[in-house]
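Subject: Structure for your review

Dear colleague,

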Amino acid sequence: MDFAGSAASFDVVLYSEFIDREALVVYQTHPEHEAVKSFIVEATEERAVVDYEDG
């Protein structure tokens, strides 16, 4: 439950860690990921993305 109640809050988050950028690319183009993209696009009202690397 979102206890903050902020307008900046989101209902769902996907947190993923990858060994390197190549692994991220593999994930993004994986057939199972591709299969759910249309559902996600239809169900999404707003989206925010944060990509970062350690070090």
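Please note that the model is a predicted one.

Surface patch

By that rule, Y15, V50 and Y52 together make a nonpolar surface patch of about 420 Å². One of these residues, Y52, is located in the segment after α2 (31–43). Its relative accessibility is 60%, and Y52 therefore counts as exposed, since the exposed class begins over 50%.

Salt bridges

Side chains of opposite charge can pair when their charged atoms come close. In this model the count of salt bridges comes to two.

One of them joins the side chains of E53 and R21, with an N to O distance of 2.8 Å. Because R21 belongs to helix α1 (residues 21–28) and E53 to the segment after α2, this pair ties together parts that lie 32 residues apart in sequence. Both E53 and R21 are exposed.

A salt bridge is also formed by the side chains of K37 and E34, at 3.2 Å from N to O. Here both residues, K37 and E34, sit in helix α2; they are three residues apart, about one turn of the helix. K37 has a relative accessibility of 37% and so counts as partly exposed. E34 is likewise partly exposed, its relative accessible area being 37%.

Largest pocket

Rolling a probe the size of a water molecule over the atoms shows where empty space is left. Which volume was found for the largest pocket? The value is about 1900 Å³. The largest pocket is lined by 36 residues, and those closest to its centre are L14, Y15, A48, V49 and V50.

By residue class, the lining of the largest pocket divides into 20 nonpolar, eleven charged and five polar residues.

Position of V25

V25 is placed in helix α1. With 45% relative accessibility, V25 counts as partly exposed, because that class lies between the 20% limit for buried and the 50% limit for exposed. V25 and A4 are 21 residues apart along the chain, and their C-alpha atoms are separated by 33 Å.

Yours sincerely

Note on methods
Residues numbered from 1 in each chain as written. Predicted model: local features only at pLDDT ≥ 70, side-chain atom pairs only at ≥ 80, totals over all residues. Heavy atoms only, no water. Patch = residues over 30% accessible without salt bridge, like charges linked within 9 Å, V, L, I, M, F, W, Y side chains within 5 Å. Areas by Shrake-Rupley, 256 points an atom, 1.4 Å probe, with all protein chains shown as cover. Salt bridge = Lys/Arg side-chain N within 4 Å of Asp/Glu carboxyl O. Helix = DSSP H or I, 4+ residues; strand = E, 2+ residues; numbered from the N terminus. Buried < 20%, exposed > 50% of the residue type's maximum accessible area, 1.4 Å probe, protein only. 1 Å grid on protein atoms, 1.4 Å probe; cavity = no way out; pocket = protein on both sides within 12 Å on 5 of 7 lines; lining within 4 Å. Points joined across faces, edges and corners; volume = space filled by probe spheres on them. Nonpolar A, V, L, I, M, F, W, Y, C, P; charged D, E, K, R; others polar.
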